[in-house]
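Hello,

Here is the structure I promised to pass on to you. Please open it alongside this message, and then read on for what turned up.

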Amino acid sequence: MQGVIETGLFSVQQNEFIDHCLDLLKPLGLPHAKRMFGGHGLYLDGLFIAIIADEQLFLKTDVPTRAAFEAAGCQPFTYLAQGKVMQMNYWSVPADAMECPAQMLPWARLALEAALRARAAKTPAPRRKRAVVRL
């Protein structure tokens, strides 16, 4: 099994690229692709760690991991919104990392670490007290 790709119509070429990206991530867990905003989001064991846009993989980064991506010459994921270029915390990977899972592993680990920190930083919503109905 290549990994999981959720429904949606996309070309065979896109499907092959997505499958390739999922294969690269397998050493770290169960990869899963979900169609979103004209591209795909990639999840690893339920954590959102990457974006595929225009046949390019972008991994999740944060302050502690971004410098490694910058030093390797990677580029941030950007998009145009209301005439402004917007940048997200997702960066391309070095070309050699796309060659095999062993070369992707250190980069995917950085993305997984960033995703785990992001999840830990989220504060849980306050629990609502239920009204007690007394008869």
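Below is a short tour, going from the whole chain to single residues.

A word on the basis first. This is a predicted model, in which local features need pLDDT of at least 70 and side-chain atom pairs count only at pLDDT 80 or more, while totals for chains, interfaces and linings use all residues. Residues are numbered from 1 along each chain as its sequence is written, and side-chain values use heavy atoms, with hydrogens and water left out.

**The whole chain**

The protein has three helices and seven strands; helices (H or I, at least four residues) and strands (E, at least two) are DSSP runs, numbered from the N terminus. Read from the N terminus on, the order of elements is β-α-β-β-β-β-α-β-β-α. Of the 135 residues, 36% are buried. Here buried means under 20% relative accessible area, exposed over 50%, and partly exposed in between, with a 1.4 Å probe and protein chains only. Contact means heavy atoms within 4.5 Å. Among contacts between residues at least 6 apart in sequence, 50% join residues at least 24 apart.

**Two helices side by side**

How do H2 and H3 pack? Their axes are 9 Å apart, at an angle of about 155°. (Axes are lines fitted to C-alpha atoms, for helices over the stretch in contact, and angles run from 0 to 180 degrees between N-to-C directions.) That angle makes H2 roughly antiparallel to H3, where angles under 35 degrees count as roughly parallel, over 145 as roughly antiparallel, 65 to 115 as roughly perpendicular and the rest as oblique. The crossing of H2 past H3 is left-handed, a term used if the near helix is turned anticlockwise from the far one by less than a right angle, with right-handed used if clockwise.

On the H2 side, the residues that meet H3 are Pro-64, Thr-65, Ala-68 and Phe-69, and their partners in H3 are Trp-107, Leu-110, Ala-114 and Arg-117. Sorted by class, this contact has six nonpolar, one polar and one charged residues. For these classes, Ala, Val, Leu, Ile, Met, Phe, Trp, Tyr, Cys and Pro count as nonpolar, Asp, Glu, Lys and Arg as charged, and the others, Gly among them, as polar.

Two residues of H2 are worth a look. Thr-65 is buried, at 2% relative accessible area, and touches Leu-110, Ala-114 and Arg-117, not counting residues up to four places away in sequence. Pro-64, also found in helix H2, counts as exposed at 59% relative accessibility. The C-alpha atoms of Pro-64 and Leu-110 are separated by 9.0 Å, although these residues are 46 apart along the chain.

**The salt bridges**

How many salt bridges does the structure hold? There are two, a salt bridge being a side-chain nitrogen of Lys or Arg within 4 Å of a carboxyl oxygen of Asp or Glu.

One joins Arg-117 and Asp-62, at 2.7 Å from N to O. Arg-117 lies in helix H3 (residues 101-121) and Asp-62 in the loop between strand S5 (56-60) and helix H2 (63-71), so this pair ties together parts that are 55 residues apart in sequence. Asp-62 is buried, with a relative accessible area of 14%, whereas Arg-117 is partly exposed at 34%.

The other is between Lys-26 and Asp-23, whose closest N and O atoms are 3.2 Å apart. Lys-26 is partly exposed, with a relative accessible area of 33%, and Asp-23 is partly exposed at 26%.

**Two loops and a strand**

Asp-45 sits in the loop between strand S3 (39-44) and strand S4 (47-53). Its phi is positive, about 50°, although Asp-45 is not a glycine. Asp-45 counts as exposed, at 53% relative accessibility. Asp-54, in the loop between S4 and S5, has a positive phi too, near 50°, and is exposed with a relative accessible area of 78%.

Finally, Met-88 lies in strand S7 (residues 84-92) and is partly exposed, at 29%. Leaving aside neighbours within four places in sequence, Met-88 is in contact with Ile-51, Phe-77 and Tyr-79. Its C-alpha atom is separated by 9.9 Å from that of Phe-58, 30 residues away along the chain.

Enjoy looking around, and do write back with any questions.

Best wishes
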